[in-house]
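Hi everyone, thanks for coming along. Let me put the model up on the screen, and then we can walk through it together.

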Amino acid sequence: MKIVVIGGTGRVGSNVVRRLLEAGHDAVPAAPSTGVDTITGDGLADVMAGADSVVDVSNAPVWDDDAVREFFTTSTRNLLAAERDAGVGHHLAVSIVGADRLPDSGYLRAKVAQEAEVEAGGVPYTVLRATQFFEFLPQIVEAGSDGDTVRLPTGLMQLVAADDVAATAAELASGSAVGGRVELGGPEALGVDAWARRLFAATGDDRTVVGDPHARYFGTELHGGELTPSSGARIGTVDFATWLAMHRMGAVR
């Protein structure tokens, strides 16, 4: 199969490309650096020619609420139009578990808008909703930093390794469209503050972690299990200890 990977030069995308190539597919990484721009449309027609499937793991280069929404909706519309013209049979978009349960977050609202474009786009599709990545835990923790303390939400988060996300995306992209969502989470759910304590214990960070139910997670409060997958979700194989060991050995891609 020819499978185009939008965002194929990034952390997850390059991993998906590698896995697809190892499985014998013609995997084509597509990004501005390879001459494909999903906002302007440059290069889309050429890269889609003969493609069987498209995986979209791209991320917005901006964080402002309106700009993020504009990126995801415009990019997705342009992708789907090019796919329809080329007769592509499967569009797989990677999204976020709980996106529709946290409307106060502009980024998550943008992902919901992206999903809506995919669902209405006329190309057979699969939406892979993954929980937050282990790889982003340091960034999540630093968002709550205040001197010698870190104030973080107590809401549950079920971190998953980017490697598991890439493996699942590669598997799904080489199969038939689901016509709905597939959820993927990590092996364990902990409060965001508890994840920070585990990270600090492993890295020797002596800052104090304060659990605050009202601390915000990317602009929104967490009230329950919004960031955990539903029953029946796929569960990744890489736990925190394994991920940390991979990370320290430089094996995290």
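Predicted model: local features only at pLDDT ≥ 70, side-chain atom pairs only at ≥ 80, totals over all residues.

Residues are numbered from 1 along each chain as its sequence is written, and side-chain values use heavy atoms, with hydrogens and water left out.

The protein chain has eight helices and 12 strands; these are DSSP runs numbered from the N terminus, with helices being H or I of at least four residues and strands E of at least two. The radius of gyration is 18 Å, close to the 18 Å that the globule rule gives for 253 residues, so the chain is as compact as a globular protein of that length. That radius is taken over C-alpha atoms, and the rule is 2.2 Å times the number of residues to the power 0.38. Buried residues make up 53% of the 253, where buried means under 20% relative accessible area, exposed over 50% and partly exposed in between, with a 1.4 Å probe and protein chains only.

Now to helix 3, residues 65–86. Its 22 residues reach 32 Å from first C-alpha to last, close to the 32 Å expected at 1.5 Å a residue; the expected span is 1.5 Å times one less than the number of residues. Its buried residues include Phe71, Phe72, Leu79 and Leu80. The buried residues of helix 3 pack against strand 1, helix 2, strand 3, strand 4 and helix 4, with contact meaning heavy atoms within 4.5 Å. Just after helix 3, Gly87 takes a positive phi of about 75°.

Glu226 sits in the loop between strand 11 and strand 12, and a polar atom of its side chain lies 3.0 Å from the backbone nitrogen of His223.

Asp212 is found in the loop between strand 11 and strand 12. Asp212 is buried, with a relative accessible area of 17%, and its side chain reaches the backbone nitrogen of His214 at 2.9 Å.

Key. Polar contact = N/O pair within 3.5 Å; in protein donor to acceptor, adjacent residues only side chain to side chain.
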